[in-house]
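Subject: Structure handover

Hello,

Here is the structure I promised to pass on. Please open it alongside this note.

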Amino acid sequence: MTVATPPTSGGPTVCYLTKRFPRLSETFILDEILGLEALGIPLRLFAIADPRERIVQPDVARVGSPVGYLRRGGGAWSRARDLARALGGHARLARRRPRRWVAVVGHVLVARPHRSTLRHLLEAGVMATELQRSGGVHLHAAFANGPASVAHLVSLLTGTPFSFAAHAKDLYLSSPDVLAVKVAAAEFVLACSQSAAEELRRIVGGHHEPAVRASVHKVVLAPHGVDVERFRPAPAGRPPGPVSVVAVGRLVPKKGYPVLLEALEALAGSGAEFSCRIVGDGELRGLVEARLAVTGLSGRVSLLGRRTQQEIVDEYRSAEVFVQASVITPDGDRDGIPNAVLEAMASGLPVVATSVAGIPEVVHHGVNGLLVPPGDAAALAAALGTLIADDLLRARLGAAGRALVEGSWSRTACVAAVARRLMPVTPDGSPLAAVGSPLVHPLGDGGQPLRAVVDGVH
């Protein structure tokens, strides 16, 4: 991926900050960027770091905005350049708004000198410089953890409004107090599922500060959606042989692969005729491979590793059942609404899934799929067995899933809702002026006291 710094804009832009870009598994981020660009949002894209993944989604080449990285990383020389760049950004901020800079940086150094907070503070120095250079009038962070922390600090240092999105791990594994303060400081917060929105509202509504509790209305539902043109049902009719089951997702604890393998083992013992293909890679690959060897499932279950979105389309089209065995991990991590579930439904596949977080918002038991309790291998095996044995039920549930996604979860409609939030215009429709104009209200100037806001910096 080419490292590029966005040029100076001829007009106001929205700066979009994510954690790492491009990431093979984060197709929802790529889809949102492409959708916003297609709708004419004047976008500049930034990432905290480059993941340097070996496989990249082909659609990354369609992104029109160059990608600016806050950290290049690498060897000692690169890290030294990153530090010099960050310190230079802070020097400019200190000259431009000395009182604001001293208040924010001083508070972080005294009250929150955590390693992650200090790193985000340095990154905010770079992001603030790039925001000014690109004509940014609004900064949107794609995740509620690191990117939102950087965006919050940039807002404190410059007065530029910011927003952020909350999904799964970034929501459930973040400090509730820090999350609540970020929501209070943000213009709005996008939650990708109703369950995520409810969790955020619960956190904000339970905060000890009345001013923070009053910001609960800022949390809005903004689902990701799926490309219903790319993900389409395969032609009618199935080939002879075992029913093909597919699972798509990273091999990480919250995806529940040990439970899935236990269910498949029970299913094989019952005499069901099936095969299963697992698309994805991750920290549990060794465990999954060992389990397959011990159980004798290796002849029925294939581990395919990482695949691009185009390759995954073919996997859906050759499958007859989709399975999502998500669980809630001991540390509280869980899925939101896995994109793979929406992709499978758009592809006309009946879904067997667990009732975790946002999954029941799209998988309705007995209507377009079957829901089972998380961690219950016996129930998962029984549901899979039901679909494997019943061609008509698979067809009915799959058609209903496709209809639901087409009607309520298309990427075009979902991205348009986000675009309306991010469009840099005033309420009367006129363009916003450049950063630092009276339209950008600096925190602490007639609003919340600066100290009260920075107390929650993370």
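Below is what was found in it, starting with how to read the values.

This is a predicted model, in which local features need pLDDT of at least 70, side-chain atom pairs count only at pLDDT 80 or more, and totals for chains, interfaces and linings use all residues. Residues are numbered from 1 along each chain as its sequence is written, and side-chain values use heavy atoms, with hydrogens and water left out.

Salt bridges

Side chains of opposite charge can pair when their charged atoms come close. A salt bridge here is a side-chain nitrogen of Lys or Arg within 4 Å of a carboxyl oxygen of Asp or Glu. The whole structure holds 22 of them.

Start with aspartate 59. Its side chain meets that of arginine 62 in a salt bridge, 3.6 Å from N to O. Aspartate 59 also forms a salt bridge with arginine 230, where the closest N and O atoms are 2.8 Å apart. Arginine 230 sits in the loop between β7 (219–221) and β8 (243–248), and aspartate 59 in the loop between β2 and β3, so this pair ties together parts that are 171 residues apart in sequence. Helices (H or I, at least four residues) and strands (E, at least two) are DSSP runs, numbered from the N terminus.

How covered are these two partners? Aspartate 59 is buried, at 8% relative accessible area. Arginine 230 is partly exposed, at 24%. Buried means under 20% relative accessible area, exposed means over 50%, and partly exposed lies in between (1.4 Å probe, protein chains only).

Next, helix α8 (residues 194–205). Glutamate 199 and arginine 202 both lie in it, three residues apart, about one turn of the helix. They form a salt bridge, with the closest N and O atoms 2.8 Å apart. Arginine 202 is exposed, at 52% relative accessibility. Elsewhere, salt bridges that share partners join Arg23, Glu26, Glu53 and Arg306 into one network.

A buried glutamate

Glutamate 130 lies in helix α4 (residues 115–133). It is buried, at 3% relative accessibility. Its side chain makes a polar contact with the side chain of arginine 85, at 3.3 Å. A polar contact is a pair of N or O atoms within 3.5 Å; within protein, one must be able to donate a hydrogen and the other to accept it, and residues adjacent in sequence count only if both atoms are side-chain atoms.

Backbone points to check

Most residues other than glycine have a negative phi, and most peptide bonds are trans.

- The peptide bond from phenylalanine 21 to proline 22 is cis, with omega near -5°. Proline 22 is in the loop between β1 and α1 (27–38).
- Arginine 52 is not a glycine, yet has a positive phi of about 55°. It lies in the loop between β2 (43–49) and β3 (67–69), and is exposed at 59% relative accessibility.
- Alanine 357 is not a glycine either, and has a positive phi of about 50°. Its place is in the loop between β12 (351–354) and β13 (369–372), where alanine 357 is partly exposed at 24%.

Arginine 20

Arginine 20 is found in strand β1 (residues 13–20). It is partly exposed, with a relative accessible area of 32%.

Best wishes
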